[in-house]
There are 4 protein chains.
Amino acid sequence: MKIAINTGGGDAPGLNAAIKAATIAALRKGWEVVGIQNGYGSIYTDTPFLPLTEESVYGIAMKGGTILGAANRSNPFEMAYQIKDGTWDTEDRSDVIVNTFREHNIDALVAIGGDGSMFIANKLVKKGIDVVGVPKTIDNDIVGCDVTLGFDTAVSIATEAIDRIRTTAKSHQRIMVVEVMGRYAGWIALHAGLSTSSDVVLIPEIPFSLDAITRKINEIEDTGKKYAIVVVAEGAKEKGGELFVRSKKPGQAEVLGGIGEHLEKALARKTGKEARSLVLGHLQRGGTPSTYDRLISLRFGAAAIRAIDQGDMNKLVVLRENSIRRIPISEVAGKVKNVPLESDTILTATDIGINLGK
Amino acid sequence: MKIAINTGGGDAPGLNAAIKAATIAALRKGWEVVGIQNGYGSIYTDTPFLPLTEESVYGIAMKGGTILGAANRSNPFEMAYQIKDGTWDTEDRSDVIVNTFREHNIDALVAIGGDGSMFIANKLVKKGIDVVGVPKTIDNDIVGCDVTLGFDTAVSIATEAIDRIRTTAKSHQRIMVVEVMGRYAGWIALHAGLSTSSDVVLIPEIPFSLDAITRKINEIEDTGKKYAIVVVAEGAKEKGGELFVRSKKPGQAEVLGGIGEHLEKALARKTGKEARSLVLGHLQRGGTPSTYDRLISLRFGAAAIRAIDQGDMNKLVVLRENSIRRIPISEVAGKVKNVPLESDTILTATDIGINLGK
Amino acid sequence: MKIAINTGGGDAPGLNAAIKAATIAALRKGWEVVGIQNGYGSIYTDTPFLPLTEESVYGIAMKGGTILGAANRSNPFEMAYQIKDGTWDTEDRSDVIVNTFREHNIDALVAIGGDGSMFIANKLVKKGIDVVGVPKTIDNDIVGCDVTLGFDTAVSIATEAIDRIRTTAKSHQRIMVVEVMGRYAGWIALHAGLSTSSDVVLIPEIPFSLDAITRKINEIEDTGKKYAIVVVAEGAKEKGGELFVRSKKPGQAEVLGGIGEHLEKALARKTGKEARSLVLGHLQRGGTPSTYDRLISLRFGAAAIRAIDQGDMNKLVVLRENSIRRIPISEVAGKVKNVPLESDTILTATDIGINLGK
Amino acid sequence: MKIAINTGGGDAPGLNAAIKAATIAALRKGWEVVGIQNGYGSIYTDTPFLPLTEESVYGIAMKGGTILGAANRSNPFEMAYQIKDGTWDTEDRSDVIVNTFREHNIDALVAIGGDGSMFIANKLVKKGIDVVGVPKTIDNDIVGCDVTLGFDTAVSIATEAIDRIRTTAKSHQRIMVVEVMGRYAGWIALHAGLSTSSDVVLIPEIPFSLDAITRKINEIEDTGKKYAIVVVAEGAKEKGGELFVRSKKPGQAEVLGGIGEHLEKALARKTGKEARSLVLGHLQRGGTPSTYDRLISLRFGAAAIRAIDQGDMNKLVVLRENSIRRIPISEVAGKVKNVPLESDTILTATDIGINLGK
């Protein structure tokens, strides 16, 4: 038996722990394990696979990043290549993967990734590759699972940052706007806003009204509390307004400033108070995983090997009711799990007085 | 509407967050909120209740301990009292609670506690008091819920400690035995042992064999790794052996040393290596809750008020599939949730080469 | 004996610990202690002083911010006021302070602040007020002392952030630019760059050359390391180039983007690699002080009271050779302590291969 | 030029950072660098030296322990060996070191260690070996320097632990006794007790009176505060009483329990309150160094190479006034730096109401 492991998409704390558990669990069954470097990138090179041993994965569970490397633009079905004039085009190079897997006798692929990676994984399944998926994204927006690896760390980092920011906000009587990740789903913003009892939390699922936020801040002021904390997901937008998401995609114009900076200025103007904004950015993606993420990542990695061992392919291993379950990758591919507006976290936010922009 | 909040039993990080959310959620409904100080202790005094306001709970979500205080020996059905000769006896004084609640027009009780507290809560229900429970214990051993408040922090503290210990174990080529809490259930030991990829994990659910552990350590030695980490729950015991749990109960003789110290000596003798032990003790119970525990504690607290608001009494609010559910307190009372031997965490431990004492 | 405590200028972790130690040390001598709220701001109101008791300072040593509040534009010698047309002017209102101190029988002032605060303190001394200063600034740029309160925490926060950023930089093979505070002095950038063995560190004391940085990054690339970490102080500038410091001063135009963003773009262009920047901003100022800052803040606070008790006025208490000494405030006022170019930290940076922009 | 690096004695966070800086600084000068494994232990084996490269030291600055390993009983002047009957004896084997250094053309030795290591280093100097020392010990008891590497981390760990313990002590109204390291000097206990504003701090330099401590706890009780924190150095002893230091030395009887446990029992008996004790033990020695320790360790390591480069041998590089200085090893060897009773930290402790056992 020989398996390959791939880590796709953006960074998330816990990737290495998942690689470690999958590698050791497979090696201990007597299997061979290789890693795909830089997100399907190495498939098209002379050295497509990196052999993984007990030594390769020693001590990596507590490390951020991925020892396999990662890359943008590595979707084999839309592989980007540069045209002479410097612009980019894409083409389907997925056959190379299938052939390379056959040549190297890869029996199964452990695909660790988010919705994009599962979309690709599902297409690879259709081309005959046996895949078991592991749900990874700090955004927590994969359907069918209680939680994805990386999310708890991202929320913890955001919580620590807001705790730090709060003391200055209070001493200096300011509005502090903290922009966290979450382009399509507001999980990080909601959880970090809740854990810090912030005053206002803005998520993509609920278009906000500047007037409602201003009203909330004025109410707070009236109770004698002279500062306010606003947590905003990067993908939150004003009712009828535009998105302020920073774009680094090739060919797209970059929007100057993000929603955090926009809110800083708008709220300063509307309330007459001093305001500051902070963009947590890559702080949420990198570094040592929380204990919780180390644990679920190790459990996901080992569970992927058990699924392969049982021939239960084309599944995503997920955490539900604190146990590992398996769901078809096809049920997940191309979907985004938004925060349900009737979820108990939304209710809790409202119950304890957090304004959600309405 | 007027509610009382009680925090019972041992300390757990997150108690204050639960108190905060319950208090604010109730106050915002226009209810009155009081706290019972020191675990039913104040019921028998002149000032049975402490009024709780927005100000009382400001900023407490990130603080360890409980602003209500706690006490041992405060089971109203077996209230301890000292006899003339200095020894202790107990008697049922639960009627006083029922009467005091009536006198003060308490409509419902939010009981935050572990299996012991739920056992008491269930008896109070039978005496006609409306109770909603919140599951709290660092030991994670309450049935019916994915996780209890305090557990994630305890596992995180133990993980950090083992990470620290490991570097010295490695530099000095020692066996390090780390004793964690868990008198009846091995959740903390298993999760902390897993997150740190420790070599041996011993839990109450699986009586251990010293020979098996020695064999494992010798095997490690043969691979060139000159140190070993052993994580042991305080309630773990040798096959056919005795318990080494420290006792502080009145009237009982105190056992000298615990299982950690016992193992340190036994393993040093059997392997000929240097060994050291460390008892984490109260470090696991106190201090700032992890972000995860802050979050679920706030969610539990607010959910308890929603249950009361809907008249859905005598339930425990629990976390399942990352959502709040309610289960009858009677289903929980007096039971302990052990680590299921077929759970994926046990499988993962074995998959990645952790020895469980067999 | 009656003393007043003032905290001036920007936030720094440790302010509350200094307030606590000064307050308790004074109270235990039987003195009266009051705080000036919001940086000399309350002097001009009806309630100029906040009485400080053991209870006011209970548990604050580990908290960020200042319980006294802070304010910009509160220099009594140049107090800002708004003219009819909305613009601002300033005037000398320092006599009000002297008179208010006399009316309230304030015998001495503990002025906790940075170079700006010491400049003001020195002027107050000349007007007859007895002052003892405590050196506070995350920037560490007060002359005459080994270290100022707040600096160790700021360096620690920056170090943690860079550690986190590094794993993503490595996995994604990027240049990461981290902008830290330090408008005139590069202490934070140098120390955080050193502690993280970053590749390039840019400080105001050494104007940098983009070509030199590009050369360094290309050299790294040649050794097979595909990422680079650049730490830059906000006040660093290119040789012959302009400053990119963000300005929030009234009446000044705000520069769009800072040096971090500027470098991100310039280095991406020059190296052809992906680059990202992160501005740590207020994360460095707020939140719980490090243990080191808690300690020196408590020592500074208590030392200020001993100086007053001995009648040794108009001194700044400083840390030298791990002991408290006193130096005249007049020696400090209006001066900035830059990183000496021959300091061992600069030598160490060079010794271990860090490029300083040359 | 060829140098050897040795790390001696107990573990301390920062050792690896010192090794890293020394190695890189030397390699960049074109020198050869080797490490002595397990504290002079490998000198007597076939592979006395481990070559150190940029790769050997990559990423180690933030890791605890020492990549060179450590060992007890490795004093070359009193090398322990086991006699037939199982007991131990020692003999002077230092000539082997001198000869091995000559054979391998070692020009100088960087000796990273505490008072014991400097005692040995001084003897090696007399035998003609050129040595530069780096001051390492969590105990901070080396004379002539402001601070040793490892101390800041140990104090930080102890501070965090006491912060955690405090919340339970308060909720459960207990006396908590925290035993920290410090056999001969009370630096850790004093600094950690100060940073946490503990109620009682007991250090070896000041023999304590149980009556004085009891009196202090009763006074606290009278003010309405129902708990107390006692921090005790392992080497603290009662006036006229015996030492409770745990001994692991071969041939010595092990004392059951330490000073922490002794105090727990004595104070419970004398005050009638519940008491608990916690021994921090190896938690203080292992794991990631604090930012401060990373920094000074890197500075020490690089400074040692500069000293060798300048031919300034037989010196200890020390930190004074936040700069690196050099003092003769002979001035340090065999001495212990106790906490001066007139130091400002002792004064501060007293000023803010900490009882020192008198």
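1. Helix 4 of chain B and helix 5 of chain B are oblique to each other; oblique is what remains once angles under 35 degrees (roughly parallel), over 145 (roughly antiparallel) and 65 to 115 (roughly perpendicular) are set aside. Their axes come within 9 Å and cross at roughly 45°. Axes are lines fitted to C-alpha atoms, for helices over the stretch in contact, and angles run from 0 to 180 degrees between N-to-C directions. Helices here are DSSP runs (H or I, at least four residues), and strands are E runs of at least two, numbered from the N terminus.

2. This is a predicted model: local features need pLDDT of at least 70, side-chain atom pairs count only at pLDDT 80 or more, and totals for chains, interfaces and linings use all residues. Residues are numbered from 1 along each chain as its sequence is written, while chains are lettered from A and ligands numbered from 1 in the order in which they are written.

3. In chain B, helix 4 passes helix 5 in a right-handed crossing (the near helix is turned clockwise from the far one by less than a right angle; anticlockwise is left-handed). Helix 4 of chain B brings residues including Phe151(B) and Ile162(B), and helix 5 of chain B brings residues including Trp187(B) and His191(B). Contact means C-beta atoms, placed from the backbone, within 7 Å. The contact has eight nonpolar, three polar and no charged residues. Nonpolar covers Ala, Val, Leu, Ile, Met, Phe, Trp, Tyr, Cys and Pro; charged covers Asp, Glu, Lys and Arg; the others, Gly among them, are polar.

4. Chain D has a helix pair to check too. The axes of helix 4 (residues 151-172) and helix 5 (residues 187-195) of chain D come within 9 Å and cross at roughly 45°. The crossing in chain D is right-handed.

5. Chain A holds nine helices and 13 strands. Its radius of gyration is 22 Å, close to the 21 Å that the globule rule gives for 358 residues, so chain A is as compact as a globular protein of that length. The radius is taken over C-alpha atoms, and the rule is 2.2 Å times the number of residues to the power 0.38.

6. Now the partner. In chain A, 40 residues are in contact with 40 residues of chain B. Helix 8 of chain A gives the most to that side, with 10 residues. The side of chain A that touches chain B divides into 17 nonpolar, 12 polar and 11 charged residues.

Key
Contact = placed C-beta atoms within 7 Å.
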